[in-house]
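Dear colleague,

I am passing on the structure we spoke about, and below it you will find my notes on what turned up when I went through it. Please read them alongside the coordinates.

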Amino acid sequence: MSLELTELVKRPGAGKLGKPVRVRANFFEVTAFPLQNIHHYDVTIDPADAPPAVLRKVWKTFEDSDGQGVLKGIRTIFDGRKNVFAPKLLPLGESQAGQFEVDLQEQGAGNTKRSGGIFKIRIKKAGEVNMEELRRFLNGQSACTSNCLTAIMVLDILIRHQPSLNYTTVGRSFFTPNDKRQLPNGAEVWQGFYQSARPTVGKMMINIDVSATLFHESGPLPEIVVKILGRRSIDDLRRGIPDREITKLEKILKTLRVQVVHRGDKKLKYKIEKLTPSAADRTMFKDDAGNEQSVAQYFAKQYNKRLAFPFLPCVVVRKSVYLPMEVCEVIPGQRYMRKANEKQTAEMIKFTCQKPNVRANKINQSFSVLQYKENPQMQQFGMSVKPEMTVINARVLPTPRISYHASSQEAEFAPMAGAWNLKGKKVAQASTLGSWSVVNFAGNVPPPAIQRFIRELCQTFIDTGMNVVNKAPPIMNGDPQGNIDRTLKEAWLKAGNAAKANPQLIVCILPNTGVPLYAEIKRISDTVIGVPTQCLQSKHIADAKKQYCANVCLKVNMKLGGMNLFLPPAQIPFISTRPTIVLGADVTHPAPGDMNRPSVAAVTASLDSRASRYASAIRVQANRTEIIADLANMIKELLKSFYQTCGQKPERILFYRDGVSEGQFKQVMESEVAAIKTACSSLDKSYNPTLTFVVVQKRHHARFFPMEARDADRTGNCMPGTVVDTDIVHPFEFDFYLQSHAGLQGTSRPTHYHVLYDDNKFTSDALQELTYKLCYIYGRATRAVSIVPAAYYADLVAARARFHRRGENWSDTDATSESMDSDAQLASFAVVKPDLQKVMYFM
């Protein structure tokens, strides 16, 4: 018995279904890579606290001197940390180790230990990388061992070696300030490109994509501060900066590196530790002689510099060195680590959104920037890459038929090009709206306009088949700054009294898209009162557009437990012929840098044979933990809900898991597959449904470009239903790319599905087609979506759960997290009321 190739599932043969098309993929074929063993050296460079960019310079300087004889005629590659790889054995003698010194001459005076001076290099042979095993893995003759992973890493470092000397590196991407754009609040977006060596069927490929990221704007610090605070000019700060904004400013400036300009050529570089609470003319300190004076006085005396902006606070660097802002410049090329705000995000999308052909051209151009051809390292290692995108075989799957209520015009139909509209359609299962009320939080909307809108909304409800018992719900005003808890409870009572029935819905009219009010409404309605709410933006009230009302109607029907559309049973035999539950799961993590807030795990589960209505479960867990800690209990709850809804126990489970990266496949599979099995046997010892576990990934860099105009949709993207399971996928595991949606703008991103475990013995065709069909019954849209709805819903539930935290300060989300320890954090999340967990309150 040969050793298993993989602990995951092997691909059961490529799919055949659908219309074959040729597409270009942003993968470049590696036509040759070294097959001889590569020598791996452990390298320690002291002082050890220097950043990778400096370590690279140290190694480059060492190389330029032929490594003091050791590197004569040998081109090595360095990962910027501890690893050096060489295509030949280095002449280090018997011990295969050596110590060397390098003097790094940095430009400009004021050398800190981090960027200049004498560095010690210790080199020691760590082992050899067997590249032949990589070739065997690609051909499906050997498993992916740790040696294989190292071999792929060698190629990754090899293609990265050259660009990392010339560009700013972030992860696997390189960025250049050449075409940078300014964004609001002191940020700018830089263009760059991503590259990664990927194992594919029978060969290695380089995945190259364009990318963009945020950097801090560089330049004189006072000007940057004005931008961060969103002021027009520095004069707006003459009266000082309010405390609240000082805190915000300090968070953004902390850890930023600046250089001083008041000492001639001595452009000393510092890291900002904090800000002084007082302005430069009021910040006092004692000089060496023990005389107390202000920073402003000191600069006037010491450097003959009268401060132009003595009203600005000082930055504190080192232990207690105070610098006035005006003598500091922000050094370029520092990454913006915080979450972008709404304005920045909107501008960034405008900048990065490109039509497919534009993106394809940019990717092809970046190939030459990456210098694969004239690259001495790659030449000596014997690696070469084809200079054009690879052309692959894809298939466009047939469009499913979807179904609305039988009384609709054309109740069952196959949509064109992944989208349709509700004209003449009635929802598949309509809910009855009897007891409801309206709260207007937007003072500026006149009552007649609200009444007109509600009339129009009710008419749309009726047109789409819903039963509206009360067409004139009570309307009250609410103060957006007031006590939301009290307001909503009052609205609940009004609804109940008017209809003499349990309230079903509160409609809230919001003044703007601000998060704080929305978050508070959802926290109270989901976790305190237990009633669905429908928020509307006041700008839509004045002219009640049919299309808008129809979209609101889809959301409300689902919140009340209705069903908008479904797939005819014959379309989804896997789900309709035997009791089958479809599950979606996701874990969302707090914003980068937040080490305090918890991660949120959400699981959603279909409730019947139509796989259209879902129940949900939420847990908060330790910060940045990827594995769902309490999965067994969540699954148990959801299996019970399924049984209560349709009186059957699922015989099959199809589990779509979002938010797992490749490195965690094994870990997640081992722990979560076991948890699902445990949940089943804890309900009944003999209960053991068959399970298929599929990871869903959106965050990757594979993109497809149609070769022929006739194979493209009107945005220039591939048609919805384009599936790829050959050429650029895993050498032998069961994975595929599916672009299920019609493009709206920019280049569509296909979703990557990777099967980790499968008792149901799916063929490629069966799983690909089922996954694609499900994308057509996402409840609140009239188009196919880009990711299977179960996973999409889990994503929405996890996002909603963030609002269920008591005492969160949504206007400044950094404020609350520091004052609580992680246990208090977990305890501050309220639980969703049981009645709501069985309906889709999160739409």
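Strand β1 (residues 19–32) runs antiparallel to β10, and the two are joined by 3 bridges, with Phe28 having Ile206 as its bridge partner in β10. Strand β9 (residues 187–200) also runs antiparallel to β10, here through 14 bridges, and in this pairing Arg198 stands opposite Met205 of β10. β9 and β10 together form a hairpin with 2 residues between them, and Gly202, which lies in the turn, has a positive phi of about 75 degrees. Of the 14 residues of strand β10 (residues 203–216), 12 are buried, so this strand is largely enclosed by the rest of the structure.

Please bear in mind that this is a predicted model. The average pLDDT of the protein is 93, and 97% of the residues score at least 70. Where pLDDT is low, the predicted coordinates should not be read in detail.

Turning to another sheet region, there is an open sheet of 5 strands with antiparallel pairing, in the order β3-β4-β2-β6-β5. Its edge strands are β3 (77–78) and β5 (97–104), each of which pairs on one side only. β5 pairs with strand β6 (residues 117–129) in the antiparallel sense over 8 bridges, and Leu104 stands opposite Gly117 in β6. Helix α1 (residues 52–64) packs on this sheet, where it touches β2 (38–46), β3, β4 (83–86), β5 and β6, and the direction of α1 makes about 105 degrees with that of β5.

As for the nonpolar cores, which one is the largest, and which residues have the most contacts inside it? The largest nonpolar core has 59 residues, and those with the most contacts inside it are Tyr656, Tyr753, Leu767, Leu774 and Tyr793. Helix α18 (residues 789–801) supplies the largest share of this core, namely 7 residues.

With kind regards

Terms used. Residues are numbered from 1 along each chain as its sequence is written. This is a predicted model: local features need pLDDT of at least 70, side-chain atom pairs count only at pLDDT 80 or more; totals for chains, interfaces and linings use all residues. Side-chain values use heavy atoms; hydrogens and water are left out. Two strands pair if DSSP finds at least two bridges between them. Helices (H or I, at least four residues) and strands (E, at least two) are DSSP runs, numbered from the N terminus. Contact means heavy atoms within 4.5 Å. Axes are lines fitted to C-alpha atoms, for helices over the stretch in contact, and angles run from 0 to 180 degrees between N-to-C directions. A nonpolar core is a set of buried Ala, Val, Leu, Ile, Met, Phe, Trp, Tyr and Cys residues joined through side-chain atoms within 4.5 Å. Buried means under 20% relative accessible area, exposed over 50%, partly exposed in between (1.4 Å probe, protein chains only). pLDDT is the predictor's confidence in each residue, from 0 to 100.
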